[in-house]
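Let's take a friendly walk through this model, one region at a time. Keep the structure open beside you as you read.

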Amino acid sequence: MIAISNLTKRYGPTEVLRGASLEVRRGETAVVIGASGGGKSTLLRCVNALETFDSGTIEVGGIGLHPGPHSGEDEADRKRLRRRVGMVFQQFHLFPHFTIRQNVMSGPIYALGLSVEEAACRAKALLERVGLADKADARPETLSGGQQQRVAIARALANEPEAILFDEPTSALDPRMTREVLAVMADLAASGQTMMVVSHAMGFVRRSASRVHVMVDGRIIESGTPEQVLDSPQSPQTRALLAETGD
Amino acid sequence: MPAALAVAAMFSIMPALIRADALDDVRRRGVLVWGADQEGGGPFVYPDPADPDRVIGFEVELAELLAQALGVHARFFQADWTTLPEFLENDTIHVVLNGYESTPGRNARMLSTRPYYIYQLQLLAREDDQRIERFEDLCNPPRGGRYSVGVLGGSAAATFLGDSCGSAVAAYEYDGNTNAMAQVRSGVHDATLQDLPIAVFYHRKPQGRGLKFVGPPVGRGYYVMYVRKGETRLAEAINAALRSAISDGRLRAIYERYELWNNAQEALASASAESAGAQEATGLAAVRRYGPVLVRSAGMTVLLSLASMPLAMAIGLAVELARRYGPKILGRMLTLYVEVIRGTPVMLQLYVIYFLMPKVVGVGLNPIIAAIAGLAINYSAYEAEVYRAGLSAIPTGQMEAALALGMSKAIALRRIIIPQAVRLVIPPVTNDFISVFKDTSICSVIAVVELTKQYNMLANNTSAVLEVAAMTGLLYLAMSYPLSVVARRAEARLAGLPSRVTA
């Protein structure tokens, strides 16, 4: 579903990605772990073209992304790709001038061109699924962080994407709110949704991940099942990382 | 209480203390301060081409002649033509000496001297224009059309034209004489009616090139000087000096130097301006007389603002979006546009659009269209900056979230970014809207008479200055206050819930 190979990217003198490669199969929940500043978020944002990269290849469901700056001709490709790959941000980024329902309807209407009725129908089902049907007419700022992130997940799901990218979805939340968001994500993973997650939540990794990728200094240094990576890490850097996170 | 009485007493005495008799003041200081406007131009008072710091003109020589007769020096005071009576009344100048025609309104407000010149009005048109042969033709245009005529705002020509033709001509009132001539030459107007001295003076100068005298002079009236009401001693001294200059031919000599002498002037020796003003309206009567014309010009103010501001907002938004999301080179050009427009006065921009463009492009704009365009362009630069601030205040995550959902950049802007920015920019845009209401007054430089210009012209010709000023102030308030209310409502409404997403 998602194939990344030998990705490099630099911000000025800093090399953020140094030949990162990984693959996410359909139905898989892939979790990327690693120290802050290791390039995890950048890698994730390259997958739906929010970031450019300097060399390497990315292919998502048959659509290839080119290295180098974005050009106008590729915009259609990027839009097509993004409609198939949803994204959930650390800071939620709900649209403050819309209600909760309108936030969830915005992708189907403004990106997919669905009718208002159809979009409303999707929004109703999804808000029920994330447990926020009663908040449909509320505004984002009246919701807790955990509730906002659940709305953001519903908004990403409303496009019925083939894969969803999660960029540290619980880092801005307290433990209780973290639990409610991870519960929704675990439910999604169990239902076979393809997911690529950047996270520090080791409990979630253990319970829900199909594969774990360890990213250090712009490279994936170790990949495997949660048991393989968490219980018998091969690389000393992975061991150091796990010691720090206390799992 | 005694203190209050003392203060009251002081105020009642003070004007008397300050207002020493004008003639005594002239003698004590050794100067006669006379007020005029160089913008009116030749042959009255205009900058010496050889030394622009100096003024020359027949009125300069006349002022020197008067000063000499009073045994003092003449000192020129520059002020806007229409505001000269205010400077007279606040004691800045002793006498207004600048082609002021004797009118009942002015005679009621100020004290007139005897006439120093008998003027007539001359119609000027383009040399190749065969349609108008006499002044009377102006009032009878062919096929129900209307001739467009430029005149000096608030002048006798403007009044004469209105009295003679009424609404059968479209009259445009300018601040300076040569501006009206230029716009006839460039085809914006069909003709201009000028005081004969002006027509003669500019006929052979570049400003008058391409124009011809149409028919014999029309109308007739007196140029008089004005001193403050009650200053009979100064008026008498000036009259005596004038009488002796008329009888010994010194006045004629001055007029001959400027080619102003003609047979009509023979009557100067026996002419006397009606010293008493006509029955002037004051109080409620003034409101009834001047109210309608002020309301009409307030309508022009509303038209200019309501037409130009939405345009400015649209252009400003387009400029900012192109700067932000368009190609780099376009962005740099637009930033230059914003800086040039913001960095130059709107008056200059109006001049360029209205006076210079016809010379370059060969096509003139209607003054109202030019005014709307000028204001819209000027304000577009400010609106672009307002939108820049508004758009910058929207977190980048909003655009990323919209793009991540698969929206195109255009839809993301229209549905996600701009609606949020609009709410932020309502207060500054309202501010600009209110200030454009007041800035419309600048359009008088291109012959658009709106409320402020109308006020100036009326105040210059009436003694009911207080009434006219109060009405003008109220009209401005009546226009800008509802705007604030509407803007506040809009802000409140946008902060509320949009009922549903519409595609």
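This is a predicted model: local features need pLDDT of at least 70, side-chain atom pairs count only at pLDDT 80 or more; totals for chains, interfaces and linings use all residues.

## A loop residue in chain B

With those element names in hand, look for B:Asp80, which sits in the loop linking strand E4 (73-78) to helix H4 (84-89) of chain B. Is B:Asp80 buried, exposed or partly exposed? A residue is called buried at 20 or more C-beta neighbours within 10 Å and exposed at 12 or fewer. B:Asp80 has 15 C-beta neighbours inside 10 Å, so it counts as partly exposed.

## Two packed helices in chain B

A packed pair of helices is described by the angle between the axes and the distance between them. In chain B, helix H12 (residues 283-325) packs with helix H15 (residues 367-392) at an angle of about 45°, and their axes are 6 Å apart. Angles under 35 degrees would count as roughly parallel, and 65 to 115 as roughly perpendicular. H12(B) and H15(B) are therefore oblique to each other.

The crossing of H12(B) past H15(B) is right-handed. As for the residues in the contact between H12(B) and H15(B), 18 are nonpolar, three are polar and four are charged.

## The sheet in chain A

Now turn to chain A, where six strands make an open sheet with mixed pairing, in the order E6-E7-E8-E3-E9-E10. At its edges lie strand E6 (85-88) and strand E10 (219-224) of chain A, each pairing on one side only. On average, neighbouring strands of this sheet are turned by 20° against each other, ignoring direction.

E6(A) runs parallel to strand E7 (residues 163-167) of chain A, and four bridges join the two. Which residue of E7(A) is the bridge partner of A:Val88? That partner is A:Phe166. Helix H5 (residues 145-157) of chain A packs on the sheet and touches E6 and E7 of chain A, with its direction at about 170° to that of E6(A).

## Where the chains meet

Finally, here is the contact between the chains: 24 residues come from chain A and 21 residues from chain B. On the chain B side, helix H16 (396-404) and helix H17 (409-439) each supply at least two residues. H16(B) gives the most to this side, with six residues.

By class, the side of chain B that touches chain A has twelve nonpolar, six polar and three charged residues.

Definitions and conventions:
Residues are numbered from 1 along each chain as its sequence is written. Chains are lettered from A and ligands numbered from 1 in the order in which they are written. Two residues are in contact if their C-beta atoms, placed from the backbone, lie within 7 Å. Ala, Val, Leu, Ile, Met, Phe, Trp, Tyr, Cys and Pro count as nonpolar, Asp, Glu, Lys and Arg as charged, and the others, Gly among them, as polar. Two strands pair if DSSP finds at least two bridges between them. Axes are lines fitted to C-alpha atoms, for helices over the stretch in contact, and angles run from 0 to 180 degrees between N-to-C directions. Angles under 35 degrees count as roughly parallel, over 145 as roughly antiparallel, 65 to 115 as roughly perpendicular and the rest as oblique. A crossing is left-handed if the near helix is turned anticlockwise from the far one by less than a right angle, and right-handed if clockwise.
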